[in-house]
Amino acid sequence: WTAISVGPSRKREIFESYVSKYAHTNPHYLRFPNDSARVRLKKLEEYRTYFEEKGKFLLINGEEITSSLNNLPIHVNGVNMTKLIPKQTGANNTEILQKVTDEMLAQERVSGKNMLFFFNHPNFGPNLTAEDMMNVKGARMFEVANIGSNGNYGGGGRDSTEVMWDKINIHNLNKGLPLMYGVATDDMHDLESQ
């Protein structure tokens with residue numbers, strides 16, 4: 001269950017619209033006298049039958065694996081995972097990223113399922129550098145554009161994510177390693193913002 005404040009605002013309008021529009025999915029929620037509510041978020045399998053359409057719309061599970069070093073976030077997105085990967089620890093960013101990468105690759109090997117993972121928004125925090133990411137064995141993708149982050153262009157001594165991408169791929173080409181692919185996301189957290 002997730003607690004939300006519906007209050008007399010746009011949040012109330014969104015909440016009421018959700019309850020009305022998706023009544024057929026039997027949303028689970030509790031209202032409280034202080035104008036708040038608790039909503040039970042459904043599991044992916046519960047929504048699949050309502051929204052998937054073969055050849056048109058596919059739902060795929062994902063998880064943002066959240067670790068940190070020196071109180072700065074290290075986020076990695078895993079897609080089509082079979083089990084949770086907990087927060088990882090390490091002496092430096094590369095070690096933490098390597099542990100997550102190893103966990104993802106092991107999970108893919110054991111399950112036989114195709115999975116994707118990518119390092120998220122390196123300038124959020126800011127925390128990750130091109131050097132941190134280029135030295136992770138088995139990594140193939142990072143988020144070169146994140147619309148929800150203001151760190152794409154770098155600044156204040158930080159490389160832009162595009163410069164990071166160039167540095168990583170120059171390193172990989174010089175070492176005979178596979179290229180690192182770029183991922184772009186909207187990183188939407190709030191339906192109310194626009």
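**Reading salt bridges, a core and a helix**

Guide: Welcome! Let us start with a charged pair: Arg48 and Glu45 form a salt bridge, and their closest N and O atoms are 3.2 Å apart. Keep in mind that this is a predicted model.

Visitor: How should I read such a pair in general, and how far apart are Arg48 and Glu45 along helix 2?

Guide: The general idea is that side chains of opposite charge can pair when their charged atoms come close. Here, Arg48 and Glu45 are 3 residues apart in helix 2, which spans residues 44-51, so about one helical turn separates them. Glu45 is exposed, with a relative accessible area of 54%, whereas Arg48 is partly exposed at 21%.

Visitor: Which other residue forms a salt bridge with Arg48?

Guide: That is Glu52, with the closest N and O atoms 2.5 Å apart. Glu52 is partly exposed, at 26% relative accessible area. Through shared partners, salt bridges join Glu45, Arg48 and Glu52 into one network.

Visitor: How many salt bridges does the structure hold?

Guide: There are 6. One of them links the side chains of Glu46 and Arg40, with 3.0 Å from N to O. Both partners are partly exposed: Glu46 has a relative accessible area of 29%, and Arg40 has 23%.

Visitor: Let us turn to the nonpolar side. Which residues touch the most other members of the largest nonpolar core?

Guide: In soluble globular proteins, nonpolar side chains tend to be buried together. In this structure the largest nonpolar core has 24 residues, and Leu97, Met104, Phe119, Met133, Phe142 and Ile168 touch the most other members. Elements giving two or more residues to this core include strand 4 (62-69), strand 5 (72-79), helix 4 (130-134) and strand 7 (141-146). The largest share, 4 residues, comes from helix 3.

Visitor: And what is Ile168 in contact with, beyond its neighbours within four places in sequence?

Guide: Ile168 is in contact with Ala130, Met133, Met134, Phe142 and Met180. Ile168 is also one of the buried residues of helix 5, along with Thr161, Met164, Asn169, His171 and Asn172.

Visitor: Where do those buried residues fall, seen down the axis of helix 5?

Guide: They fall within an arc of 155 degrees, so they line one face of the helix. On the other side, Glu162, Ile170, Leu173 and Asn174 are exposed. The cover over the buried residues includes helix 4 and strand 7.

Visitor: What about the length of helix 5, and what follows the helix?

Guide: A handy check is to compare the span with the one expected at 1.5 Å a residue: helix 5 has 15 residues and reaches 21 Å from first to last C-alpha, close to the expected 21 Å. After helix 5 comes Gly176, whose phi is positive, near 70 degrees.

Visitor: One last feature, a loop residue. Where is Asn80 placed, and what does its side chain reach?

Guide: Asn80 sits in the loop between strand 5 and helix 3, and its side chain reaches the backbone oxygen of Asn114 at 2.8 Å. Leaving aside neighbours within four places, Asn80 is in contact with Ile60, Asn61, Lys113, Asn114 and Met115. Ile60 is 20 residues away along the chain, yet the C-alpha atoms of Asn80 and Ile60 are separated by 5.9 Å.

Visitor: Is Asn80 buried or partly exposed?

Guide: Asn80 is partly exposed, with a relative accessible area of 23%.

Note on methods: Residues numbered from 1 in each chain as written. Predicted model: local features only at pLDDT ≥ 70, side-chain atom pairs only at ≥ 80, totals over all residues. Heavy atoms only, no water. Core = buried A, V, L, I, M, F, W, Y, C linked by side-chain atoms within 4.5 Å. Buried < 20%, exposed > 50% of the residue type's maximum accessible area, 1.4 Å probe, protein only. Contact = heavy atoms within 4.5 Å. Polar contact = N/O pair within 3.5 Å; in protein donor to acceptor, adjacent residues only side chain to side chain. Expected span 1.5 Å × (residues − 1). Arc of directions from axis to C-beta. Salt bridge = Lys/Arg side-chain N within 4 Å of Asp/Glu carboxyl O.
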